[in-house]
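The following note is intended for a colleague who is meeting this structure for the first time. Its points are numbered, and each may be read beside the displayed model.

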Amino acid sequence: MEHHLTTPIPPEDLKKIKIGDTVYLSGTVVTARDEAHLKALEMHEKGEKPPVDFEGIGLFHCGPVMKKDENDKWTVVAAGPTTSARMEIFQDEFIKTFHPGCIIGKGGMGLRTTNACQEEICIYGYFTGGAALLAADRIKEVKDVFWLEDLGMPECLWVYEVENFGPLTVTIDTHGGNLTEDSKKNIEAKKVEILKEL
Amino acid sequence: MKDIAQVIEDTAAHLLKIAATELPTKVKETLLKSEKETEGALGKSQLHAINENVNIAETQSKPMCQDTGLVAFFVKIGDKFPLRSEVKTALVKATKRATQDTPLRPNAVDMFEGNTKNNVGIRGYVPWFYFDLVEGDKCEIIAMPKGGGSSNVGKMKMIPPGKGIKGVKEFVVEALAAAGPLGCPPYTVGVGVGGGEDMCMNLAKKALLRPLFEYHKDENIAQIEKELLKILNKLEIGAMGLGEGPSVLDVHMEFAARHPASLPVGVVISCWALRHAGATIDKDGNIDWHPH
């Protein structure tokens with residue numbers, strides 16, 4: 001099934017989505033990799049607020065290539081997803097603290113994130129790995145940037161306005177489903193069969 | 001008289017741009033064919049996104065992936081070609097220039113000094129060179145940038161020689177099952193057998209340069225390549241690891257003699273973006289661009 005979502009995504013819209021469905025997202029998407037996750041959580045611990053309200057928006061595991069145009073305005077050159085597995089160690093805490101609506105990345109995530117998505121109503125959308133120009137094409141405006149000086153271009157928070165950002169294949173839904181884990185189990189089973197037949 | 005070093009630098013910088021922005025024709029065709037033939041909607045949509053992205057890269061002359069890879073050059077220098085070590089100097093300069101001009105993402109990270117920002121290592125090893133000395137008066141250059149995601153799933157094993165070819169096949173199956181969805185499939189697989197613990201990986205990487213569906217001249221090896229292609233697709237990794245569409249586009253192998261006590265096997269895996277581009281320069285500086 002195909003879903004067109006707009007941020008902030010209402011939880012009742014997220015509950016209708018199942019693994020294997022396709023999502024196109026419009027509205028606000030913010031990039032965050034390892035360091036941005038850590039920094040946001042550290043700020044929260046100190047009782048401070050990060051500069052972006054993550055509630056209901058798209059959280060994009062991405063370290064983009066950006067450049068300034070002739071009018072000194074930031075533009076996106078390439079913005080494909082990075083491997084999400086690195087964020088597994090703190091993604092659940094991030095979801096519980098900031099309640100994003102849709103995590104976007106590649107390669108899938110594990111059990112901790114799956115549980116947090118079920119408890120806090122969030123989904124994980126798999127963007128085609130390497131499709132950096134397709135992603136850039138769907139980003140309509142660079143609205144803001146935070147922590148650029150501190151964390152550098154790939155690790156800082158880029159705030160994008162996107163239109164029909166996708167296709168995102170939902171591999172973690174709000175019902176405890178995890179498509180990449182299912183796929184990995186199948187690959188393991190097939191491996192055993194193949195080795196027997198060799 | 002042309003400045004041959006300058007010709008090499010200009011050519012290599014352009015080869016890096018071609019590699020980053022245009023897939024070799026056979027790879028492009030195979031990905032399009034895969035999209036058509038894939039029945040499941042999940043796999044089809046992943047392949048459609050890949051193909052749409054490849055098309056944007058080529059028409060806008062932009063890198064197809066934000067990971068423009070770690071740069072390597074395969075170079076064959078003819079006995080009568082006028083330059084030797086200057087070829088290396090020109091290729092280093094070309095790498096720095098392509099980083100600015102294409103642009104390539106700066107991907108050379110020094111463990112102590114951080115990112116060098118120009119894709120050239122400060123300790124002299126990156127870009128990586130595979131030099132070969134050949135007869136004639138020409139110099140062949142192939143640029144091969146390789147992304148980190150698929151390099152991370154490469155594997156090497158010294159298997160007991162008693163396991164023979166069956167052991168080689170087993171290890172290749174295990175390596176691909178472990179790679180699963182991690183390195184942006186559908187993959188192209190290079191396998192190197194023999195040589196030594198270092199040589200087998202070099203051979204595996206070199207095997208990726210052979211055009212898709214062009215099998216080894218030795219019929220015995222060609223048979224194993226085709227068998228592995230069939231077997232590996234039974235793993236059902238699928239496009240982006242979601243279980244639908246091809247897992248592997250092709251398998252190429254290179255063999256070297258081995259030590260009696262060793263059977264080294266190297267597996268080098270490329271993501272869907274199998275990127276390389278080549279040209280041959282003659283002693284007068286005329287450039288023959290290889291079909292891409």
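1. Helix α6(B) lies across β6, β7, β8 and β9 of chain B and runs at about 35 degrees to β9(B). Helices (H or I, at least four residues) and strands (E, at least two) are DSSP runs, numbered from the N terminus. Axes are lines fitted to C-alpha atoms, for helices over the stretch in contact, and angles run from 0 to 180 degrees between N-to-C directions. Helix α7 (residues 199-207) of chain B also packs on the sheet, where it touches β6, β7, β8 and β9 of chain B; its direction makes about 140 degrees with that of β7(B). Contact here requires C-beta atoms, placed from the backbone, to lie within 7 Å.

2. The model is a predicted one: local features need pLDDT of at least 70, side-chain atom pairs count only at pLDDT 80 or more, and totals for chains, interfaces and linings use all residues. Residues are numbered from 1 along each chain as its sequence is written, while chains are lettered from A and ligands numbered from 1 in the order in which they are written.

3. The sheet of chain B is open and has four strands in the order β6-β9-β7-β8, with mixed pairing. Two strands pair if DSSP finds at least two bridges between them. Its edge strands are β6 (155-159) and β8 of chain B, each of which pairs on one side only. From one strand to the next, the twist averages 15 degrees.

4. Strand β7(B) has two partners to examine. With strand β8 (residues 248-255) of chain B, β7(B) pairs in the parallel sense over seven bridges, and Val189(B) has Val251(B) as its bridge partner in β8(B). With strand β9 (residues 263-270) of chain B, β7(B) pairs in the antiparallel sense over six bridges; here the bridge partner of Val193(B) is Val265(B).

5. Strand β7 (residues 187-193) of chain B is largely enclosed by the rest of the structure, because seven of its seven residues are buried. A residue is buried if 20 or more other C-beta atoms lie within 10 Å of its own, exposed if 12 or fewer, and partly exposed in between. Tyr187(B), Val189(B), Val191(B) and Val193(B) point one way from β7(B), whereas Thr188(B), Gly190(B) and Gly192(B) point the other way. In a regular strand the side chains alternate between the two faces of the sheet.

6. Between the chains, the axes of helix α7 (residues 179-197) of chain A and helix α6 (residues 164-179) of chain B come within 10 Å and cross at roughly 175 degrees. The two helices α7(A) and α6(B) are therefore roughly antiparallel to each other, a label given to angles over 145 degrees. Ile187(A), Glu188(A), Lys191(A), Ile194(A) and Leu195(A) in α7(A) meet Glu170(B), Val173(B), Glu174(B) and Ala177(B) in α6(B). By class, this contact has five nonpolar, no polar and four charged residues. Ala, Val, Leu, Ile, Met, Phe, Trp, Tyr, Cys and Pro count as nonpolar, Asp, Glu, Lys and Arg as charged, and the others, Gly among them, as polar.

7. The contact of the chains takes 38 residues from chain B and 34 residues from chain A. On the side of chain B that touches chain A, α3 (41-60) and α6 of chain B each supply at least two residues. Helix α3(B) gives the most to that side, with nine residues.

8. Chain A has seven helices and nine strands. Of its 198 residues, 49% count as buried. The C-alpha trace of chain A spans about 60 × 35 × 30 Å along its principal axes.

How values were computed. Parallel < 35°, antiparallel > 145°, perpendicular 65-115°, else oblique. Contact = placed C-beta atoms within 7 Å.
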